[in-house]
Amino acid sequence: MIAYKSDKVIGQSLLLHGSFQERQIKEVNQFLIRSFGFQPTTFLDIGANIGTHVIHAVQTGQFSLGIAIEPDFNNFNLLRCNILLNQAEEKIRPFRIALSDNSEPIILELSPGNFGDHRIRTKTDHLSPSIDDEQMRETSTVPSATLDDFLEAQQPDLATTLIWMDTQGHEGHIMSSGKKALANGACYIVSEFWPYGLERSGGKRNLFDFLGSCHYIYDTRCDSWEDNVPLTLEQLESLYQEMLADTRKDYHPHTDLLLIRQSTPK
């Protein structure tokens, strides 16, 4: 993998450990096979960055197709380079676009030190608390599409797709833009759950509306999460408020949720 040496998170993790949280994919995949009889073959990576997760997914043989969505120009260039270096161009389709609740060009706030923390600026950002001075960041303008429109154009088999979403607080906007697709077959999603990012983007309500449609929700960063009882909306609201209260400039608590809309486990 090629990474930016000035990236303090993903780049540093690759330099020091040779990986960046990819083992979580195997844990989720094995759990879905064991507990729900679901064997995904397509890995839809929304917020793919430089390709750590999508390349790992197809290299392990767990997935035969990867779809990688990354809006940032520099990250996208490294994503394409890493796909070529890993000889995965036959298995991964990269797209430089942002997913949102509309198809208008959007503004991307560029993090100076964490290149996985570029954030989509929304109209509600100025109403929400800002402890990272995001409004002072350099910006770029990128094309966008709704999730429904993107999936209609690409036509992946949603019945065998695992969606992996990490969009720095924009998850609610994306889910609200995919109501048709998410109702017609996309039943398994791993999504970042980051209260501060959701507050700034104004995406909490849309995210919780979607969470309310899920039959099972697991916190995949908890120890032995596969054996735990699924979370309720009330527990998620409490977790949200606790994380938000603990947030400060140098500490942004967050986790990843496995969202399952299929009603009956195996």
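Predicted model: local features only at pLDDT ≥ 70, side-chain atom pairs only at ≥ 80, totals over all residues.
## Getting started

A residue is called buried when its relative accessible area is under 20%, exposed when over 50%, and partly exposed in between (1.4 Å probe, protein chains only).

Residues are numbered from 1 along each chain as its sequence is written, and side-chain values use heavy atoms, with hydrogens and water left out.

## The sheet

Helices (H or I, at least four residues) and strands (E, at least two) are DSSP runs, numbered from the N terminus, and two strands pair if DSSP finds at least two bridges between them. Seven strands make up an open sheet with mixed pairing, in the order S3-S2-S1-S9-S10-S12-S11. Strand S3 (92-95) and strand S11 (216-219) are at the edges with a single partner strand each, so one side of each has no neighbour in the sheet. From one strand to the next, the twist averages 15 degrees; angles run from 0 to 180 degrees between N-to-C directions, and axes are lines fitted to C-alpha atoms, for helices over the stretch in contact.

S11 pairs with strand S12 (residues 255-260) in the antiparallel sense, over four bridges, and Ile217 stands opposite Leu259 in S12. Helix H10 (residues 233-246) packs on the sheet, where it touches strand S10 (188-193), S11 and S12, and its direction makes about 30 degrees with that of S10. In a regular strand the side chains alternate between the two faces of the sheet. Both faces of S11 are covered: Tyr216 and Tyr218 on one side are buried, and so are Ile217 and Asp219 on the other.

## Nonpolar cores

A nonpolar core is a set of buried Ala, Val, Leu, Ile, Met, Phe, Trp, Tyr and Cys residues joined through side-chain atoms within 4.5 Å. The largest one has 34 residues, and Ile46, Phe193, Leu211 and Leu259 have the most contacts inside it. Apart from it lies another core of 28 residues, including Phe31, Ala68, Phe76 and Leu258.

Leu211 is worth a visit: leaving aside residues up to four places away in sequence, Leu211 touches Phe193, Ile217, Leu233, Leu236, Leu257 and Leu259. Contact here means heavy atoms within 4.5 Å.

## Salt bridges

A salt bridge is a side-chain nitrogen of Lys or Arg within 4 Å of a carboxyl oxygen of Asp or Glu. By this rule there are twelve salt bridges. Asp256 forms one with Arg221, the closest N and O atoms being 3.1 Å apart. This pair links distant parts of the chain, with Asp256 in strand S12 and Arg221 in the loop between S11 and H10, 35 residues apart. Arg221 counts as partly exposed, at 36% relative accessibility.

In another salt bridge, the closest N and O atoms of Arg119 and Asp117 are 2.8 Å apart. Arg119 is buried at 4% relative accessibility, and Asp117 is buried at 8%. Asp250 and Arg248 also form a salt bridge, at 3.1 Å between the closest N and O atoms; Asp250 is exposed, with a relative accessible area of 64%, whereas Arg248 is partly exposed at 45%. Finally, salt bridges that share partners join Glu109, Asp117, Arg119, Arg121, Asp132, Glu134, Arg137 and Arg200 into one network.
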